[in-house]
Amino acid sequence: MKPAPFDYFAPKTIDQALEQLDRGAGDATILAGGQTLLPLLALRMSTPGIIVDINRIPELQGISRERGATRIAPVTRQNAALANAELAAVLPMLTKALSHVGHFQTRNRGTVGGSISLGEPAAELPAAAVALGAEIEAHSVNGSRRIPATEFYIGPYATVLEPDELVTAIHFPDWASGSVTVFHEVARRPGDFALVGLVGAVTLDQGRVSRAGLAWFGMGPTPIRAAATEAAMLGQNAAQLDWAGLAELAVSETDPFEDHSASADYRRGVGRSIFARTLCEALNKGAMA
Amino acid sequence: MSDHEISMTVNGRTCTSRVEGRMTLGDFLREKVGQTGVHMACEHGVCGACTILVDGLAVRSCLMFAVQADGADVTTVEGAAAPDGSLSPVQQAMRECHALQCGFCTPGVVMTLTSLTQGATKSDEKTLLNAMSGHLCRCTGYQGIRKAIKQLAAGEAA
């Protein structure tokens with residue numbers, strides 16, 4: 001249970017980090033909070049030759065407002081984001097999701113950007129990024145780009161990031177105030193990875209759905225956006241939605257797997273139940289507000 | 001393979017050493033600083049036995065490299081009691097409520113509860129109980145720990 005030897009670098013600036021990733025040529029791994037990477041190293045499921053620790057780069061920490069969005073720097077600790085009152089005011093859905101990430105102790109080290117760029121299919125934050133329409137900003141020595149979260153994930157722990165790219169910010173667009181938080185997770189104990197989870201937001205305008213963003217986690221090889229379900233809800237009167245039909249549609253968009261904890265059918269069944277219950281409760285509350 | 005000169009404060013004492021990049025903070029504290037109250041068990045972040053405080057925050061010492069704690073202020077269970085040996089409120093509550101059996105998970109539990117109750121930090125019973133999701137007790141002695149938490153939270157509220 002000891003990591004294989006590696007060369008360790010702790011750059012002080014983004015440029016230094018990008019140079020090291022460029023020089024590392026695919027043999028370099030980025031260390032953010034380390035709460036998933038260190039287990040992978042200890043189990044020797046990952047044996048990089050170079051570790052680039054980005055914890056000593058001040059510009060990679062913190063939460064700030066930009067026009068119409070909230071910018072979260074990647075090394076922002078999950079507990080710091082969870083305790084951020086401004087974030088809770090503008091994006092309560094994200095705060096809710098953060099409260100379910102790992103355990104209190106791992107959230108003290110674990111980072112928002114680390115979880116989002118790792119792409120564990122059962123993790124809360126990648127799904128929240130997909131549901132809420134976040135964009136992931138990545139830099140390399142060759143330039144920068146912004147990738148919509150909906151196009152970011154390609155498989156378990158696999159993203160479109162190139163080996164020399166570093167995530168430098170995640171941009172979460174604003175949702176109208178009063179938008180309803182959708183969140184439900186079924187896990188064997190608090191802090192464990194979800195067996196099935198649903199996260200998102202719904203905006204109502206005079207009782208009708210004007211915007212919806214919903215994503216599943218633990219229901220496929222990546223976080224899965226329930227795009228057809230969102231479309232089916234748009235413009236509908238929230239009080240007259242066909243919950244059973246929508247739940248069926250939303251579950252049909254998933255691709256659940258079987259593991260030691262649950263079969264694919266079990267995941268679909270749980271998904272159907274929590275979709276109908278969570279959405280119905282959230283929207284009733286939203287309609288009354 | 002790189003090695004690094006590091007220096008940190010452990011339980012109030014400055015420790016300087018040369019370490020390989022891959023050495024975890026937990027192994028460093030046990031092997032180089034002699035703080036064997038840091039209990040390494042699963043070594044991949046599941047069990048919580050190795051929990052310590054880094055700059056006042058409860059973290060798993062198996063999920064951090066020693067080199068990352070260069071310059072940090074570290075507290076292990078050895079630093080929980082007062083210098084004269086009198087028990088901290090967390091230790092006292094755990095002692096009175098029989099919140100340990102074999103004692104293996106205890107240092108981690110003590111440090112998590114310490115981080116949530118020390119100084120001006122006040123935490124209610126629910127917060128303390130939720131934080132216990134990050135600890136496994138192989139003796140299944142959770143009821144004693146719950147009792148100690150109840151007592152601690154009552155003391156905090158008073």
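The radius of gyration used here is taken over C-alpha atoms, and the globule rule that goes with it is 2.2 Å times the number of residues to the power 0.38. Because a compact globule of 289 residues would have a value near 19 Å, the 19 Å of chain A agrees with that expectation. What you have open is a predicted model, in which local features need pLDDT of at least 70 and side-chain atom pairs count only at pLDDT 80 or more, while totals for chains, interfaces and linings use all residues. Residues are numbered from 1 along each chain as its sequence is written, and chains are lettered from A and ligands numbered from 1 in the order in which they are written.

**Stop 1: chain A as a whole**

Select chain A, whose C-alpha atoms fill a box of roughly 60 × 45 × 30 Å along the principal axes. Its secondary structure comes to eleven helices and 14 strands, where helices (H or I, at least four residues) and strands (E, at least two) are DSSP runs numbered from the N terminus. Of the 289 residues in chain A, 53% are buried, a term that requires 20 or more other C-beta atoms within 10 Å of the residue's own, with C-beta atoms placed from the backbone (exposed means 12 or fewer, and partly exposed lies in between).

**Stop 2: a hairpin in chain A**

Now select residues 63-66 and 69-72 of chain A, which are strand 4 and strand 5. These strands pair in the antiparallel sense over four bridges, pairing being counted if DSSP finds at least two bridges between two strands. Strands of a sheet pair through backbone hydrogen bonds, either parallel or antiparallel. The bridge partner of A:Ile63 is A:Ile72, and in the turn of this hairpin, which has two residues between its strands, A:Gly68 has a positive phi of about 70°. Strand 5 of chain A has a covered face with A:Thr70 and A:Ile72, and an uncovered one with A:Ala69 and A:Arg71.

**Stop 3: where the chains meet**

Show both chains, and look for the 25 residues of chain A that are in contact with 24 residues of chain B, contact meaning that two C-beta atoms, placed from the backbone, lie within 7 Å. On the chain A side, strand 1 (7-9), helix 2 (37-42), strand 3 (50-53) and helix 6 (104-107) each supply at least two residues.

**Stop 4: two domains in chain B**

Turn to chain B and colour domain 1 (3-78) and domain 2 (89-157) separately; such bounds come from an automatic or database domain assignment. Their C-alpha centres lie 21 Å apart, and the contact takes 15 residues from domain 1 of chain B and twelve residues from domain 2 of chain B. Strand 3 (51-54) and strand 4 (57-60) of chain B each supply at least two residues of the domain 1 side, and the largest share, three residues, comes from strand 3 of chain B.

**Stop 5: the sheet of chain B**

Finally, find the open sheet of chain B, in which five strands run in the order 2-1-5-3-4 with mixed pairing. Its edge strands, strand 2 (13-20) and strand 4 of chain B, each pair on one side only. Strand 3 and strand 4 of chain B pair in the antiparallel sense over four bridges, and the bridge partner of B:Val54 is B:Leu57.
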